[in-house]
Amino acid sequence: MRIDVLTLFPGMFSGPLDESIIQRARKNGLLDLRVHNLRDWTRDRHRTVDDRPFGGGPGMVLQCGPIFDAVEELRRDDTRIVLLGPAGRVFTQAVAREYAALPHLLLLCASYEGVDERVRLGLRPDELSIGDYVLTNGNLPAMVVVDAVTRLLPGALGDEESALDESFTAGLLEYPHYTRPADFRGMAVPDVLLSGNHAAIAAWRREQARRRTARQRPDLLPPADAGKPAATTYES
C-alpha cells in the first residue's frame with residue numbers, strides 16, 4: 001500500500017512513523033509512506049501557501065492552487081483523497097479497514113483556519129475527523145490514520161490474530177488480559193484463564209468484552225444488549 005501525506009510541517013512525521021509496527025511495515029515493503037511539503041508546489045519566491053479570507057475574519061486560509069497542483073501530481077487512478085479536519089466523518093475501526101483495502105491514500109493535512117472551499121468542491125476528498133476537539137493542524141490525525149491502517153495490512157503484525165481480537169473489531173471493547181504473576185498484591189488471575197479449557201476461556205472473554213463495553217461504552221452495544229448488567233467489580 002502507498003500513502004502520501006501532504007503537509008506544511010513534514011518534520012512532525014519524523015520519529016512517530018519511524019518506529020515499531022510502521023517501521024517494520026515500511027522496511028518489509030508493506031507500506032510505501034511518503035511525506036511531502038506543500039510549499040514544494042508554490043510558484044512564488046516566498047513559497048506562499050496561505051492568505052487572508054475573503055470577507056474578513058481571523059487567521060489565514062490555505063490557498064487552493066498549491067493543493068490542486070500537488071494532488072494532480074501525486075494522484076493516481078486508484079487514489080482516495082482524504083482531507084483531515086473537524087468537519088469530516090469520525091474515524092473508526094471500520095473506516096480503517098475500508099482504507100486498508102485501498103491501494104493508495106493521499107492525506108491532506110489542513111492548517112490554520114482550514115482550506116479554501118474550492119478544495120472540497122474541485123477535489124471531492126473524503127473528509128475525516130479523529131474526534132470532536134481542535135488540534136493545531138491535521139498532522140496528528142494523519143499519523144493516527146497511518147498507524148490504524150498500517151496495522152491492518154496483511155503481514156504488518158507479528159500475529160495476524162492480534163488484529164481480530166482488538167477493541168472495536170467485533171463491535172465491542174477488548175476483554176481483559178493477564179500475565180505472570182498469577183497473584184499480584186492479592187489480585188489473582190481468574191481461575192478460568194488457568195484452567196486450560198479453551199471453550200470456557202473463549203466464553204469468559206466474550207462475556208467480559210460485553211460487560212466492559214456495557215460499563216464503559218454502552219453506545220457501542222445493540223439495544224437488546226445495552227440493558228444487560230455490566231460487571232460491578234473489577235473484571236469479575
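How many disulfides does the count come to? By the rule that a disulfide is a pair of cysteine sulfur atoms within 2.5 Å, the count comes to 0. Here are some notes to read beside the structure.

1. **Ground rules.** This is a predicted model, in which local features need pLDDT of at least 70 and side-chain atom pairs count only at pLDDT 80 or more, while totals for chains, interfaces and linings use all residues. Residues are numbered from 1 along each chain as its sequence is written, and side-chain values use heavy atoms, leaving out hydrogens and water.

2. **The overall picture.** You will find 7 helices and 9 strands in the protein chain; these are DSSP runs, numbered from the N terminus (helices are H or I with at least four residues, strands are E with at least two). The chain has 236 residues, and 39% of them count as buried. Here buried means under 20% relative accessible area, exposed means over 50%, and partly exposed is in between (1.4 Å probe, protein chains only). The accessible surface comes to about 13500 Å², with 52% of it belonging to carbon and sulfur atoms; such areas come from the Shrake-Rupley method with a 1.4 Å probe, and for residues only the protein chains shown count as cover.

3. **Contacts along the chain.** Take the contacts (heavy atoms within 4.5 Å) with a separation of 6 or more: 72% of them are between residues 24 or more positions apart.

4. Are Cys64 and Cys109 buried or exposed? Cys64 counts as buried because its relative accessibility is 19%, and Cys109 counts as buried because its value is 6%.

5. **The cores.** A nonpolar core is a set of buried Ala, Val, Leu, Ile, Met, Phe, Trp, Tyr and Cys residues joined through side-chain atoms within 4.5 Å. In the largest one, which has 30 residues, Tyr99 and Leu107 touch the most other members. Two or more residues each come from strand S1 (2–7), helix H1 (20–27), strand S5 (79–90), helix H3 (93–100), strand S6 (104–109) and H5. The largest share, 6 residues, is given by H5. Apart from this core lies another, of 19 residues, including Leu38, Leu62, Ile81 and Leu106.

6. **A surface patch.** Phe9, Met12, Tyr112, Tyr133, Leu135 and Leu140 make a nonpolar surface patch of about 530 Å². Patches are made of residues with over 30% relative accessible area and no salt bridge, with like charges joined within 9 Å and nonpolar side chains (Val, Leu, Ile, Met, Phe, Trp, Tyr) within 5 Å. A salt bridge is a side-chain nitrogen of Lys or Arg within 4 Å of a carboxyl oxygen of Asp or Glu. Look for Leu135 in the loop between strand S7 (126–129) and helix H5 (139–150); Leu135 counts as partly exposed because its relative accessibility is 36%.

7. **Backbone points to check.** Most residues other than glycine have a negative phi, and most peptide bonds are trans. Tyr112, in the loop between S6 and helix H4 (117–123), has a positive phi of about 60° although it is not a glycine. Ser20, in helix H1, also has a positive phi, near 55°. A cis peptide bond joins Arg180 and Pro181, with omega about 5°. Pro181 lies in the loop between H5 and strand S8 (183–184).
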